[in-house]
Amino acid sequence: MFLKKQSVQRDGRIYTYYRLVESYRDADGNARHRTIRYLGKLADEQIRLIREQLKKQNIDQAIIDQIIQGEYTTLEASATHVNDTDDHHTSTWSTSITSTSLPLWIPVSFTSLHFDAVNGQEWNVADGDTLFFVHQGQAEVTIRGRKMVMTSQQVLFCPDQTGMHIGSSDNQPLMLQRLVFRSNVTAATGLFPIDKMLSDSQSTPIMLQIQSPAEMLRLCNELENYNVNMTSPHAQQPITMLAMYRCFYELLHLIALETAAAKHDEHLSFQQMLQYVRAHFRDDLRRDELARKMGMTPEHFSRVFRSRQGCSFSDYLSRLRLHQARLELQLSQTSLEEIARRCGYSDVHYFSRKFRQHFGMPPRQYITAPKQYVSWNMPLTAMLLQLGIVPIAGQIDMEVLRHFPELVKLVEHAALQQAEDEHTQTDKQAHVASATNVENKTHALLPAPSLVLLQQRQPDLVFAYDDDPQSEQLHIYAPVQRLDIQHYNWRQQWLWLAERVQRSPQAQQWLQQWDTKLREARQQMQSWLERRETVGIYKIVSEKVYVYGNLRSMGGSLIYDGLHCEPPVQVRQQLIDTGRLNIEVSLEQLHHYAADHMIVIYYPMEHQNAAQYGTQRQTEVPVMTSPLWQQLPAVQSGQVHMMDRHLFYGFDPLSQQLQLQAWMDSIASYL
């Protein structure tokens, strides 16, 4: 065992950290290092004392603890301390404490969450900046329709108020540990490595890779122990609180150190190498050169690559090139020779031979062959179905689909066809019987998209939003088309998708019919619209109120853009005019956003029993029974319109049709 130094340059300054490392040999006989313990910053005297301890055969970790905490002294060190005034160190520490730039992270709660394998996903909302850790099992997290699979080697950071569905991804019991904390550090300061990675932390969850899951688990268990014993008589004693904070900061330091180390390593990490290959697959990439960039021998690079990706580097590169070729054969009008060249093949005949070996047909035949699609997000699935295309896998809300019997029949027919291709007659009947049970939400008409399914079925195109955490991983399995959800409204997304599946005329025709329906609806509402009564959209989730504008979810694009309903002044100024999706408001602030008519989408609050450090969480008063809510004009006049959360979640053509019908039915008595 030895002491290893690591230097990280950040904002023009160099920070030095230390850790205890031991040597070992892997299965191939190569010398490797593993981290035993992270020590953080050390003074020169601490380094000397630790190195003295490492010279001993039996290392006393308790003495290492004392050295780090400044409690261990030798006779020489004690004498030096007595003769030293130490004024300089005291002054520097005091200045740091009083500095307004001192970053502080404060733990709020640490909770264990248990999920049964049979109960599906449960709704959770982050009550502050939150870190999720996998203690047991493997988690599937869905945020705004995007799925992420999380293991014990990952940490999920979710900004305050992030809503998500969480469940087991492998049909086994799941246990998560949730750490909620708050900070006086903004993402722009860059004082903490995680903050640099979370530069968009106000809106975007981020999955962090961890190389020392065992150490992370130890710290989480220790934090949980402090949390469980917080109600004991000794819990509030300074020594206990300091120990808890020490553990909390060790955990943050571990995450920060590993993410910073991965970012500043002189050699490419494996993930960085894959990103490089995906960006340069058209070039003449050589295994030996990539191995050099990673600091490995070519032979070891090949072993590592196969163990991590399940295939050789040459096969991986070939897949990337051929998937890009499939994409261009579908979307471009260029010659076969040009497509081959753009995909890294100088010889078009060699390209055609490789294409046929991989996909069972030559490139020219592939252009006119029927295509199979996968949609990674619910709105994209609904758009495909509205165009008459059933993807082989896709996310869809059954509560929405059951309102469209003709689409249910379309999907049933596709399920029958698939069963005939893949199953016996008995299997086919069982498959269709479960698939067509639309009332039962545990059965899905469409298989859920997954990396395993992509590998098995090799679809012709995968559609995904570009902020989906898994979208970067899809290219190795199939051609991918990614869409920026932030900068395109639903009409632009609809036309973008239709163009790529050769259904642009159908999409344009549907939009014309839809605009006619909107004009007819506005005519029915004309006298009401002329009164300029305001309409507000409010989502209540975990007993928190969110006000929505005209972007995407909760029917805003229909109510404000399609039907020209008048928003409250504050909604127009703070949301619609600024392009903001929503804003959380307290009950005390809600009257500023009040409207004559309130569209309310209510999400029942899941039971939560999270103990906070030093305090017990208070039971919240339900929003709609509070006096402040009851005083709102729309509540007193009986003009609150409760809407189905399933129907008002989406912004696709299917959801908007249902939203229009629901709104017109609800407003009919006022017209």
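Mentor: We start with helix 9 and then turn to helix 8 and helix 10. This is a predicted model: local features need pLDDT of at least 70, side-chain atom pairs count only at pLDDT 80 or more, and totals for chains, interfaces and linings use all residues. Residues are numbered from 1 along each chain as its sequence is written, and side-chain values use heavy atoms, with hydrogens and water left out.

Helix 9 covers residues 287-294, and helix 10 covers residues 298-309. Helices here are DSSP runs (H or I, at least four residues), numbered from the N terminus. Two packed helices are described by the angle between their axes and the distance between the axes. For helix 9 and helix 10, the angle is about 90° and the axes are 9 Å apart. The axes are lines fitted to C-alpha atoms over the stretch in contact, and angles run from 0 to 180 degrees between N-to-C directions. Helix 9 and helix 10 are therefore roughly perpendicular (65 to 115 degrees).

Now the contact itself (heavy atoms within 4.5 Å). Helix 9 brings Arg287, Asp288, Leu290, Ala291 and Met294. Helix 10 answers with Pro298, Glu299, Phe301 and Ser302. These residues divide into five nonpolar, one polar and three charged. Nonpolar covers Ala, Val, Leu, Ile, Met, Phe, Trp, Tyr, Cys and Pro; charged covers Asp, Glu, Lys and Arg; the others, Gly among them, are polar.

Which residues of helix 9 are buried? They are Leu290, Ala291 and Met294 (under 20% relative accessible area, 1.4 Å probe, protein chains only). Seen down the axis of helix 9, these buried residues fall within an arc of 105°, so they line one face of the helix. The arc is that of the directions from the helix axis to the C-beta atoms. An α-helix has 3.6 residues a turn, so residues three or four places apart point the same way. The buried residues of helix 9 pack against helix 8 (270-279), helix 10 and helix 11 (313-331). Just after helix 9, glycine 295 takes a positive phi of about 75°.

Helix 8 also meets helix 10. Their axes come within 12 Å and cross at roughly 90°. That makes helix 8 roughly perpendicular to helix 10. On the helix 8 side are Phe270, Gln271, Met273 and Leu274. On the helix 10 side are Phe301, Val304, Phe305, Arg308 and Gln309. This contact divides into six nonpolar, two polar and one charged. Phe301 of helix 10 meets helix 9 and also helix 8.

Terms used:
Helices (H or I, at least four residues) and strands (E, at least two) are DSSP runs, numbered from the N terminus. Angles under 35 degrees count as roughly parallel, over 145 as roughly antiparallel, 65 to 115 as roughly perpendicular and the rest as oblique. Buried means under 20% relative accessible area, exposed over 50%, partly exposed in between (1.4 Å probe, protein chains only).
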